[in-house]
Amino acid sequence: TPRHAQTTTPPADGRHRRHAGTMNLAPLTGAKGRPNVVVIMTDDARNDDLRFMPHVRHLIGDQGVRFTNTFSPQPLCCPARASFLTGEYSHNHHVWSHAPPYGFQALHDASTLPVWLNQAGYDTSFLGKYLNGYGVQPLRTGEPSLRYVPPGWTDWRGSVDGGITAG
């Protein structure tokens, strides 16, 4: 489906008509019969920390699925995120820690959840912290990772580890 914008102008009879070259909301609402998937991942939080976040519980938690019997594959953020992305444990994806030589640079990202979702026809969007070392550690090729977009993401807004020095 071409992603043209569709706007409507109410004519005198009150019915809306589409105009060519206007906005289509399909990319925003997803295909019918196909679920939209939103994952919000946080670090360094216990399950009972949500008791101090009533708005998060109401606006997000009450609207989705709550997993009540889950386990983290790793107690460190970076290996746990790599496990989520790959479906593998650290001994398979080789991200053992958040510190070099591990972290971002250790992950082989050619076969990950966003790649699989993209191949299934989903648009994927990433916002926030990716893996420790992103934007700082070089790619395996030696090139900088600052502008690197991992495979499978159709919209990428990854934050740079440690930020960027102003100036």
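Predicted model: local features only at pLDDT ≥ 70, side-chain atom pairs only at ≥ 80, totals over all residues.
Trainee: Where does Asp 123 lie?

Mentor: Asp 123 sits in the loop between helix 5 and strand 3. Helices (DSSP H or I runs of at least four residues) and strands (E runs of at least two) are numbered from the N terminus. Residues are numbered from 1 along each chain as its sequence is written.

Trainee: How many helices and strands does the protein chain have?

Mentor: The count is 5 helices and 4 strands. Along the sequence they follow β-β-α-α-α-α-α-β-β. Of the chain's 167 residues, 24% are buried.

Trainee: What share of contacts joins residues at least 24 apart?

Mentor: A contact means heavy atoms within 4.5 Å. Take the contacts between residues at least 6 apart in sequence: 49% of them join residues at least 24 apart.

Trainee: How do I read confidence? Where is it lowest, and where highest?

Mentor: pLDDT is the predictor's confidence in each residue, from 0 to 100. The chain's mean is 81, and 78% of its residues reach 70 or more. Strand 1 (residues 8-9) is lowest, with a mean of 42, and helix 5 is highest, at 96. Residues 1-11 have pLDDT below 50, and this stretch has 32 contacts in the model beyond near neighbours in sequence. Residues 13-20 also stay under 50, with 15 contacts beyond four places in sequence.

Trainee: Which residues are on the covered face of strand 4?

Mentor: Trp 156 and Gly 158 make up the covered face of strand 4 (residues 155-159). Asp 155, Arg 157 and Ser 159 are on the uncovered one.

Trainee: What is Lys 129 in contact with?

Mentor: Beyond neighbours within four places in sequence, Lys 129 contacts Asp 43, Cys 77, Arg 81 and Ser 159. With Asp 43 there is a polar contact, side chain to side chain, at 2.8 Å. A polar contact is a pair of N or O atoms within 3.5 Å; within protein, one must be able to donate a hydrogen and the other to accept it, and residues adjacent in sequence count only if both atoms are side-chain atoms. Lys 129 is partly exposed, at 31% relative accessibility.

Trainee: Why is helix 3 described as largely enclosed?

Mentor: Because 8 of the 10 residues of helix 3 (residues 77-86) are buried. Among them are Cys 78, Arg 81 and Leu 85. The cover includes helix 4, helix 5 (113-119) and strand 3. After helix 3 comes Gly 87, with a positive phi near 80°.

Trainee: How many disulfides are in the structure?

Mentor: A disulfide is a covalent bond between the sulfur atoms of two cysteines. The cut-off here is a pair of cysteine sulfur atoms within 2.5 Å. The search finds 0. For Cys 77, the nearest cysteine sulfur is that of Cys 78, at 6.0 Å. That is too far for a bond. Cys 78 is buried, at 0% relative accessible area.

Trainee: What does Ser 90 touch?

Mentor: Ser 90 belongs to helix 4 (residues 90-93). Not counting residues up to four places away in sequence, Ser 90 touches Gln 74, Pro 79, Ser 83, Val 95 and Trp 96. At 5% relative accessibility, Ser 90 is buried.

Trainee: What is the phi of His 94?

Mentor: Most residues other than glycine have a negative phi, and most peptide bonds are trans. His 94 has a positive phi of about 70°. His 94 lies in the loop between helix 4 and helix 5 and is partly exposed, at 39%. Pro 101 is found in the loop between helix 4 and helix 5 too. A cis peptide bond, with omega about 10°, joins Pro 100 and Pro 101.

How values were computed. Heavy atoms only, no water. Buried < 20%, exposed > 50% of the residue type's maximum accessible area, 1.4 Å probe, protein only.
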